Amino acid sequence: MSLESRVLTGYIPKHIAIIMDGNGRWAKKRNLPRTFGHKKGSENLKNITSVCNEIGIKALSVYAFSTENWKRPKEEIDYLMDLPSEFEETFKGKFKEEDIRVIFSGRRDRFPVKVQELINRVEEKTKDRQGLILNICFDYGSYTEILEGVKAISESYKKGEIKLEDINEDLMNSHLYTKELPKLDLLIRTSGEERISNFLLWQLAYSELFFAKKHWPAFNRKELFKALDNFQKRNRRFGGLKGDKK
Ligand code: IPE
Ligand code: IPE
Ligand code: MG
């Protein structure tokens, strides 16, 4: 049986997340500017999103720009800020045919107005689609996400809308950007780095982690199936005993 057929007969995760790392190194190896790596990376995102939708994954969260990435040179930031607009044709065309919904997670106040408008437009236009939800984490950081949630909950408590006993996991989940998404099954990070870099800290509590050697632009369909195959061989115990079901 081929790798693909084997994976397709197994448990398909509901929600996967990808730290799309290594665009710069991919380009450098080819003597190309870093921005070229980002271009290839964004094309790859379109392909991988379609594959995930095709095989029945419900949600794909991708790390596209972190709250710390503002430290990069202005030229690179400007290029990255332009990428969502390059995606707009895909949102309207290919993703429409494939019924893919798009949401954005992260701060919105630091983007150029053009980018803020685009985000609102895309979320609104795709909101009734029934296929995969592509969650683009853009100016995203877990510390910010969790702190914003904590502040909102504190406000509700101060106003007497909730009691101390109401503060539980479900309430916290409902204050995160991922509130509409299924539990996170699997995190993939490309390019060989084995760290989380402030991504989905709360959501990762019981996710499986997979670190791929390939840089993001080279992480193709085959590599995704290898990661899924590896995921399906794991024994997720959630604190219980060996053999407990997912
Ligand atoms: C990931 O690739 C994309 C972003 C962080 C925007 P990098 O730009 O981090 O590429 P490397 O890690 O420097 O190779
Ligand atoms: C994480 O990658 C952020 C994105 C992929 C968008 P970085 O390249 O920014 O992370 P570090 O600096 O290697 O931890
Ligand atoms: Mg990097």
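Is glutamate 89 buried or exposed? I looked it up, and glutamate 89 is exposed, at 59% relative accessibility. For the cut-offs, I noted that buried is under 20% relative accessible area, exposed is over 50%, and partly exposed is in between (1.4 Å probe, protein chains only).

Before going on, I wrote down that this is a predicted model, where local features need pLDDT of at least 70, side-chain atom pairs count only at pLDDT 80 or more, and totals for chains, interfaces and linings use all residues. Residues are numbered from 1 along each chain as its sequence is written, chains are lettered from A and ligands numbered from 1 in the order in which they are written, and side-chain values use heavy atoms, with hydrogens and water left out.

**Salt bridges**

My rule here: a side-chain nitrogen of Lys or Arg within 4 Å of a carboxyl oxygen of Asp or Glu. With that rule I get 27 salt bridges.

I started with glutamate 89, which pairs with lysine 92; their closest N and O atoms are 3.9 Å apart. Both sit in helix 4 (residues 74-92), three residues apart, so about one turn of the helix. Helices, by the way, are DSSP runs (H or I, at least four residues), numbered from the N terminus.

Next I checked arginine 221, whose side chain meets that of glutamate 54 in a salt bridge (2.8 Å, N to O). Arginine 221 belongs to helix 9 (residues 221-232) and glutamate 54 to helix 3 (residues 34-54), so this pair ties together parts that are 167 residues apart in sequence. Glutamate 54 is exposed at 52%, while arginine 221 is partly exposed at 29%.

Glutamate 223 is buried, at 13% relative accessibility, and lysine 226 is partly exposed, at 38%. I also found a network in which salt bridges with shared partners join Asp21, Arg25, Arg189, Glu193 and Arg195.

**A charged patch**

Which residues form a positive surface patch? I found Lys29, Arg30, Lys214 and Lys222. Patch residues have over 30% relative accessible area and no salt bridge, and like charges are joined within 9 Å.

Methods
Patch = residues over 30% accessible without salt bridge, like charges linked within 9 Å, V, L, I, M, F, W, Y side chains within 5 Å. Areas by Shrake-Rupley, 256 points an atom, 1.4 Å probe, with all protein chains shown as cover. Lys, Arg positive; Asp, Glu negative; His and termini not counted. Charge placed at Lys NZ, Arg CZ, Asp CG, Glu CD. Helix = DSSP H or I, 4+ residues; strand = E, 2+ residues; numbered from the N terminus.
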